[in-house]
Amino acid sequence: MRDIIPLTQAARARAEGADPNQRRCLIQNCCDDDIVELAYVFPREHSGDSGMMKSIEYTWGMREGTLNLDTRRNVFFLGQPLHNLYKKGRWALCPEESVIDKFLSKPTSGHLGSPLARKNFPDLSDSTFRYTFLPLSEMSFGILRQNQHPSTSLDDYTVHRHPFATLPVVTSHVHPKFVLLQLSKILINRQRNPYIRNLIQANPVLRKVTLFYPNWHRVTLPTNIDSDPTFVSLPSPAAPRFDSEYSTDSSSQSSDAETDEYYEPSDGDSTSTPPRRIWYPPPIPRHPPPPPWLKRPACSSTSSGAHLVPPAKQRKLDDASGWTAASIAEWARGSSSSPEPPSSPSAPDIPTS
């Protein structure tokens, strides 16, 4: 996956300002600046998957190209050890069941409700939500949580061990839709794992969670989606286009120059998240074209210069510059076969007396 543009200072400041825990680790409640890191609920690298992003935007009732994973609602703070485990999918957050039910239709005849469609997608605007720490694998170590600030003695700390039922419910500003998307993705991708199977059987609420990822990340979009005025967004001078080479759909392509025209590399000191996806810089061409003054000559594979170098080296020449040994030899012969300029006329003989 190509490199993604870095997180801006403004995005980090927005997350810090929204965090009710004052930038402490959400789980351990520690505030050591040396170990507390910024973490993403749903990884920002998914911005490079145009098909997934378009599907999520449509399902969530958004306009195309407006889901910015740098939003404060997708960013929180964790101690470094727990952050590393989170990125590996060893644990996740789980919303309260009453919140999960808001994303589902009412159950009928003993069947679970279905994820709500675009037109009914819930708009939850609460500033904070409550979450439970959910281990997604066996964890043989304990989690040390600081109970109060400032701490004055060892009694202010508690060690919690697997399955971490003694960890308190935590409060965070991150939005449940990002939490459900990430948790559902892990549960679906590991549904054959014995631990995950047992976890779902022991926690019926997780059966509901497994419904979201399949219905959000790859939905069958309407055939007239590109003409839907509630979904299609016109490009603005501050946003990249999303019909470019970053799309997983090869039928929709545009030039790097066209994409550059709509890209603003920074959101400065903005207090609100720009409504656009995180942008991937255009790739550097693998084979830069030859200079315009040097046209590549036509060459024949049977020309006498085709075997001036060994075949392996000739292939490397092809890959490196687009020129072959045969074409170079042909070009050299063409240059050397130019007609010689006419010699200057000799001086007439002067008769002698």
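**Salt bridges and core**

Biologist: How far apart are the closest N and O atoms in the salt bridge that Lys54 forms with Glu64?
Modeller: This is a predicted model, where local features need pLDDT of at least 70 and side-chain atom pairs 80 or more, while totals for chains, interfaces and linings use all residues. Residues are numbered from 1 along each chain as its sequence is written, and side-chain values use heavy atoms, leaving out hydrogens and water. A salt bridge here means a Lys or Arg side-chain nitrogen within 4 Å of an Asp or Glu carboxyl oxygen. For Lys54 and Glu64, the closest N and O atoms are apart by 4.0 Å.

Biologist: Is Glu64 buried or exposed?
Modeller: Buried means under 20% relative accessible area, exposed over 50%, and partly exposed in between (1.4 Å probe, protein chains only). Glu64 has a relative accessible area of 19%, so Glu64 is buried.

Biologist: Which residue joins Arg12 and Glu16 in one salt-bridge network?
Modeller: Glu16 pairs with Arg12, closest N and O atoms 3.3 Å apart. Through shared partners, the network takes in Arg12, Glu16 and Arg23.

Biologist: Which residues touch the most other members of the largest nonpolar core?
Modeller: Such a core is a set of buried Ala, Val, Leu, Ile, Met, Phe, Trp, Tyr and Cys residues joined through side-chain atoms within 4.5 Å. The largest one has 65 residues, and the most other members are touched by Ile27, Trp91 and Leu206.
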